[in-house]
Amino acid sequence: MPESEYMNERQLGFFRDRLRQLEQEILSNAGATTEHLRETQFVPDPADRATIEEEHALELRTRDRERKLLKKVQQSIARIDAGEYGWCEETGEPIGLRRLLARPTATLSLEAQERREMRQKMFGD
């Protein structure tokens with residue numbers, strides 16, 4: 001496709017809808033987790049209690065990852081509103097539809113992301 005058609009209104013609308021749907025799913029999961037953790041269960045068996053506590057810890061770790069993803073989703077929606085979505089933050093080049101379909105919160109082109117990961121591997125964070 002010509003660069004002039006990249007991130008046209010139709011594409012931006014598609015990604016905005018996709019990001020809003022993802023945002024709602026994350027918020028819904030967070031609400032379900034809150035309700036689930038409020039349910040107190042008294043289990044006399046220490047092994048069962050340990051299993052329940054481990055399940056809660058796993059659920060909380062998952063929600064923490066989703067909390068971080070939620071922030072990225074909201075930043076991506078803001079980038080759409082600002083007219084910056086779909087363009088690499090480092091190079092200004094198109095990120096590409098295939099990459100955005102796979103990772104709608106991407107802010108770097110594949111090449112820029114690979115360079116960043118290589119630098120992190122060589123020099124650490």
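Predicted model: local features only at pLDDT ≥ 70, side-chain atom pairs only at ≥ 80, totals over all residues.
Local features here need pLDDT of at least 70, side-chain atom pairs count only at pLDDT 80 or more, and totals for chains, interfaces and linings use all residues. Residues are numbered from 1 along each chain as its sequence is written, and side-chain values use heavy atoms, with hydrogens and water left out.

Start with helix α2, residues 46–82. Helices are DSSP runs of H or I with at least four residues, strands are E runs of at least two, and both are numbered from the N terminus. The expected span of a helix is 1.5 Å times one less than its number of residues. For the 37 residues of α2 that gives 54 Å, and the end C-alpha atoms are 54 Å apart, so the two agree. After α2 comes G83, with a positive phi near 80 degrees.

Now look at what α2 hides. Buried means under 20% relative accessible area, exposed over 50%, and partly exposed in between, using a 1.4 Å probe and protein chains only. The buried residues of α2 are I52, H56, E59, E66, L70, V73, S76, I77, R79 and I80. Helix α1 (9–38) is included in what covers them. Take S76: its relative accessibility is 2%, so S76 counts as buried. Contact means heavy atoms within 4.5 Å. Beyond its neighbours within four places in sequence, S76 is in contact with L19, Y85, P104 and T105.

Next, the core. A nonpolar core is a set of buried Ala, Val, Leu, Ile, Met, Phe, Trp, Tyr and Cys residues joined through side-chain atoms within 4.5 Å. The largest one has 15 residues, and M7, F15, L19, I80, Y85, I95 and L100 have the most contacts inside it. The elements that give two or more residues to this core are α1 and α2. I95, leaving aside neighbours within four places in sequence, is in contact with Y6, G86, W87, C88, L100, A106, T107, L108 and S109.

Rings of Phe, Tyr and Trp (its six-membered ring) pair if their centres lie within 6.5 Å; planes under 30 degrees apart count as stacked, over 60 as edge-to-face and the rest as tilted. There are 3 aromatic pairs by this rule. Y6 and W87 have ring centres 4.9 Å apart and planes at 85 degrees, so the pair is edge-to-face. Y6 lies in the segment before α1 and W87 in the loop between α2 and α3 (97–102), so the pair ties together parts 81 residues apart in sequence. Y6 is buried at 8% relative accessibility, whereas W87 is partly exposed at 23%. F15 and Y85 form a tilted pair, 5.5 Å centre to centre, with 50 degrees between the planes. F15 lies in α1 and Y85 in the loop between α2 and α3, so this pair ties together parts 70 residues apart in sequence. Both F15 and Y85 are buried. F14, F15 and Y85 form one aromatic cluster.

Last, the annotations. UniProt, in an unreviewed entry, places "domain: Zinc finger DksA/TraR C4-type" at residues 83–117. Positions follow the numbering used here, feature names are shortened, and annotations may be inferred rather than shown by experiment. That span is 40% helix and 0% strand, with its end C-alpha atoms 26 Å apart. The unreviewed entry also places "zinc finger region: dksA C4-type" at residues 88–112. Here the chain is 36% helix and 0% strand, and the end C-alpha atoms are 8 Å apart.
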